[in-house]
Amino acid sequence: VKRRGFVAVAGLLALGAASCGDPNRPKTFSSDWRDDQGKTIGEVLTRVRGAKPPPSTDLVVSVAGRDKIIGTPLGAGSPWTATHALDGRPIIAGNVVVVSGNGEVVALDAASGKAIWTRPTGNVPLLGAGDDGNLTALTLSRSSGGSTLLMVGRDGTVVRQLETEKALGAPAVLGGLVFVPWAGQYVSALDPQSNEEIGRVTVREKVTRAFVVGGTLYFGDVSYVRFDDNIVRASAGQASKVGVPSRELPGTPRLLVPGTEKIPAVANARDRDRLFGRPDGASNPFGVDSNRFYADYYKLVFGFDAARGQLSWVRTHPDEVIGGEAVAGGLLTCDAQGKLTVFDALNGATTMEKSVGEPIASCTVQADTFRSPKGAPSAAPVAKQIIEAVQLREPTLATAQRLLLRELATLEDESATKTLVEIATDPRSAPVLAADARASLATRRNGASYMLTALGKHYDFLHDVLMSPPVGPMSDALAAMKEAKAAPLLASHLFDPADTEDDVKRASAALAVLATDKELPQCKQFFGMYRGTASTEDMASAVASVAEAMLRLDAKGSRPILEAALKDSNTALPVHARLDTLLAAANKDKDNKDKPDGGT
Amino acid sequence: MRVSPTCRLLAAIVVVFTAAGSALAEPTKPPAKPAAKPAGKPAKVDVAPMVAKLKSNDETQIRTALDQLRNAGAGAASAAPQVADLLGRGLSETTTVQAIDTLGDLESPEGSAVLAQYAGHRTLTIRRASVKALTRTRGPAAGAALRHALGDPDPQIRGAAASGLGALRAKDAVPDLFVALDHRVNEAAASIGQICSPDQCDQLVAKIGKVPFDVVTGGLDQILFRPSAEVSDEMKIKVLGQVRETGTAESNKFLKDIQKRLPKETSPRVKQAVEQAVRATAGGPQ
C-alpha cells in the first residue's frame, strides 16, 4: 500500500512538472489540448528521423498448458522454454518477451527465454509493451479505471511511471521516445528523460496500438497509419493510411486486437477469426506487404488482394488456426497442435512448416526481418482450393463456406458447377450452404453434364438416396442453356413425389422450352394427374407450363384436351385460370397466323 | 386341399392389411381362412348404366357410378377400363381417391397401369390409396409399381408396398424385400416368408438376432405354415431349430403359439420339432 501511495504521488508530481514546461506543448494526456496542425508531432518526427532500432527477434511465443512459455525462433537460434504464471498472453516487444502473472511482470530475453528483470504490478492487467533495445514501455490497466504507463530500463529500474485516468493503448518505443495511443484518437510522444509529452497527433482513425515493424513506426486498430512525413496532416485526415478493402469477410474478424483490451493467455474464438496484414514501410503510396490481406477462420486461411479485395487463395488447414501474423511475403499461422505454417502471399502455397513441439493454447508472433521463403511450390488453382474448402463438412465453417460458395459461383469453370451440384445434393452439407448452392446453380451457364448426371438421380429410400437433386435450380440453368438432353430427365422428375413443389414447377417451366415429342406422353400424363388435384399455386403453375409444352409440341392433339379441361368442373380453380389465359393467348396467336398478312 | 387362386389372393390381402396396420404387429396368423367370399368367379354385373354415368362428365353422376361399382366389386370388373380412363384424364382429389378405391374393389388387372402412375402422385392420400389398390388389381404393372414404392419417402407406403408384394407372390421382388427389411421396413419379413425360395428362407432365418425377434418371426411364421409342396419339412425343422437356439422367453411364446395353430395335417416330424422346441425354451430368459 505504501509503495502504491508513493507511486501515485510520484505520478502526480510528474504530471505537475510536465505542465510547467513549454506552453506550446500539450500537457501529458490532457484533453483540453487544441490541435496544433501537426507542429509538435512534426518536431517529434524530425527528432526520431534516422533512428535505427536494432532488429527485433523473429520469434513465435506459445503458451502450453497453464504456465509454460515456449519460444520458437523463426530464424537462427534455439527454441527455449520458461515457466511463469500467466494472467494474459505473452507480448513480444523488440528483443524481450513480457509476461504477466502472479502479481508481476517479467521481461524475458527473446533469444534465450531467460528473465532480464521483474517488476511487481499488484495484479493489474498488462495491456501492451514496446521496446527499443534500451527501454521497455508497458501499459497496465488500473483496477480503479484509467491506466499506468511504466518505463523500465534494461536493468529493471523504473525510469518513469505515469498514472492517468485515460485509457492508454499499447505503446511503442522508437529513438528513445515512447509513443502512446490513448482515447482512441490521439498518439502522444513522451520523452522519458524530461518526463514531458513533447508531441501529439490526432489521428482521424481509431488508434489503440503503436508498434514498430521493420524499423518503421505505425499506429493502428482497424487500419494502419504510418509515422512518416504525412503524419503532420493527420488531423486533416491526410496521414499515410491503409485499411482493409471493403468486402465480405468470414465471420467478423479484427485486424488488431484493441490495445486497451487484455488478451487472454488461452486463444479464444476471436483468435480463430482474424485478419492479418503487414504494413509496408517502403511502399509509396502506403500499402501492405505483397498487396495482400489475410484472414483465418478456424481451419480455413484466406489471402485477399489488398487493393481490390478479391479472394486470391484459400487454404484448408488440418487443424484450427489459433494465431498468426503477416510476415514479409506471406502469412505465418500456428495451430492448436503446435504446427507453424507459412503460406506464400501470392498463391497460398506452403513455404515453410515448423513445429513448436507440443500442442499449444495460444501463440504470439513477431516477424521483423523474417520473410516467407522464396521459390514456393506451385499451388492449386483457386477454384480447386475453394472446392476443397467448401467440401469440408464442418458446421463451424458454414459461414466462411457460404462466402466461398459465392466466390465459386463467379468462376467460369465447369468444376465449380460440379461442386455446387455436390454440395446441393449431399445430405451432410449444412442447410444454409445447400440452399446457397441451389441458388448459385440456377445462374450457372456451364457444367451441363454434371447437372444431367445429378438429374438422373431420384430419392430412393432403399438405396439410401435420401435427398433429391436440386431439380429446380438445374431446370432453370439447363433451360437457359437450351440443353435438349435434359428433357427426359426433367420429365421423370414430374412424377417424383420426393421433389419439392418448387422443383416440379421449375422442371415444368423448363419442359415448356425443352420438351420434345418424346416427352409428350409424360406431359399428357402429368396434365391428367394434376389438373384436378393441383391445390397450390406452384403445382397449378406446373400444370400450366406442361400444358404450354403440349400446345407447342402438338397443338392439334392437345387443344381439345385443354379445352375439355377448361370446361370440366373437376379442374382445380388455380389451374383453370391459367389454362384460360394460356388458351386465349394461343388462340390469339393462331388468329394472327391465320390472317392473310400473317398478323403483321 | 387345393386352394383356388382367388382364395389365395384374398388370404394374402388379409395378411397385407394386418401387416400394414402396424409395423410391430403380433406375428401374422396363418393365411388359412379366406372366409369373406365364396370361392369361384364373382357373378357378372351389367355395368352399362354405370359406364354411361362415368362418361357423363358430371361429377355427381361419376361419383354415384363409382359407388355403385364399388358395391358390385369384382363382378363389375369390365368397367375397369372406363374408370382407368377417367383417372387418366383427371379428376378432383376426392373423386380421384374414390376412383382408385373403386379400381381396387374391381380387382381387374386393367386398372393396374393407371394405378401405377398414381402410386407416384405427390398427394399422400392418393399415393397410399393407389398402393393399396394395386395389391388387389395385380397385373404386370402392379409388381413393378410396388417394388418402386418400397423406396417411397412415406413409411406407411413402404410398408404397404412390402406387404403387397407378398400378397402378389412377387418372387422376383424378394431381393428388394430383403433390402427393405434391412431398412426397417418390417412388413417385408412376412412377405419374404410367404414367397421365399429355400435359399431365401435360409437368409431370412439368418436374420434372427439381427432384426427384432417379433419382426423376423412375422416371416418365419409364414414359412412354417406354407404347404409342404412349397417349403420342405427340413426347412421348417431348420427354422424351428434356429428359434429354439435363441432359448428366450419370447421364442418360447412364439413356439407355443405355433404349436396351438398347427393344422392337423402337419407332418409328425414338424410337430415333434415344435414340441421339443417349446420344451427346450421353457423358462428361458426374458
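A disulfide (a pair of cysteine sulfur atoms within 2.5 Å) joins A:C334 to A:C363, with an S to S distance of 1.9 Å. It is one of two disulfides that the structure holds over all chains. This is a predicted model, in which local features need pLDDT of at least 70, side-chain atom pairs count only at pLDDT 80 or more, and totals for chains, interfaces and linings use all residues. Residues are numbered from 1 along each chain as its sequence is written, chains are lettered from A and ligands numbered from 1 in the order in which they are written, and side-chain values use heavy atoms, with hydrogens and water left out.

**Disulfides and cysteines**

- The link of A:C334 and A:C363 is right-handed, with 65° about the S-S bond.
- A:C334 lies in strand β27 (residues 330-335) of chain A and A:C363 in strand β30 (residues 362-366) of chain A, so the pair ties together parts that are 29 residues apart in sequence. Helices (H or I, at least four residues) and strands (E, at least two) are DSSP runs, numbered from the N terminus.
- A:C334 and A:C363 are both buried; buried means under 20% relative accessible area, exposed over 50%, and partly exposed in between (1.4 Å probe, protein chains only).
- In chain B, a disulfide with an S to S distance of 2.0 Å joins B:C196 to B:C201. The torsion about its S-S bond is about 85°, so this disulfide is right-handed.
- B:C196 and B:C201 are both buried.
- A:C523 has 1% relative accessibility and therefore counts as buried.

**Nonpolar cores**

- A nonpolar core is a set of buried Ala, Val, Leu, Ile, Met, Phe, Trp, Tyr and Cys residues joined through side-chain atoms within 4.5 Å. The largest nonpolar core has 171 residues, of which A:F302, A:L404, A:F526, A:F527, B:L69, B:L220 and B:I223 touch the most other members.
- Helix α12 (residues 537-553) of chain A gives the largest share of this core, ten residues.
- Apart from this core lies another of 22 residues, among them A:L45, A:L177, A:V187 and A:F219.
- Not counting residues up to four places away in sequence, B:I223 touches B:G193, B:C196, B:C201, B:L204, B:V231, B:M235, B:K236 and B:V239. Contact means heavy atoms within 4.5 Å.

**Helix α9 of chain A**

- In helix α9 (residues 486-493), the buried residues are A:A486, A:A487, A:L490, A:A491 and A:H493.
- These residues cover an arc of only 155° around the axis, which puts them on the same side of α9(A); the arc is that of the directions from the helix axis to the C-beta atoms.
- The buried residues of α9(A) pack against α7 (448-455), α8 (471-480), α10 (501-514) and α11 (520-530) of chain A.

- Strand β5 (residues 96-101) is mostly covered, with six of its six residues buried.
- In a regular strand the side chains alternate between the two faces of the sheet. A:V96, A:V98 and A:S100 point one way from β5(A), while A:V97, A:V99 and A:G101 point the other way.
- Strand β4 (residues 91-93) runs antiparallel to β5(A) and is joined to it by three bridges; two strands pair if DSSP finds at least two bridges between them. A:I91 has A:V98 as its bridge partner in β5(A).
- β4(A) and β5(A) form a hairpin with two residues between them, and A:G94 in the turn has a positive phi of about 60°.
- Six bridges pair β5(A) with strand β6 (residues 104-109) in the antiparallel sense, and A:V106 in β6(A) is the bridge partner of A:V99.
- A hairpin is also formed by β5(A) and β6(A), with two residues between them and a positive phi of about 60° at A:N102 in the turn.
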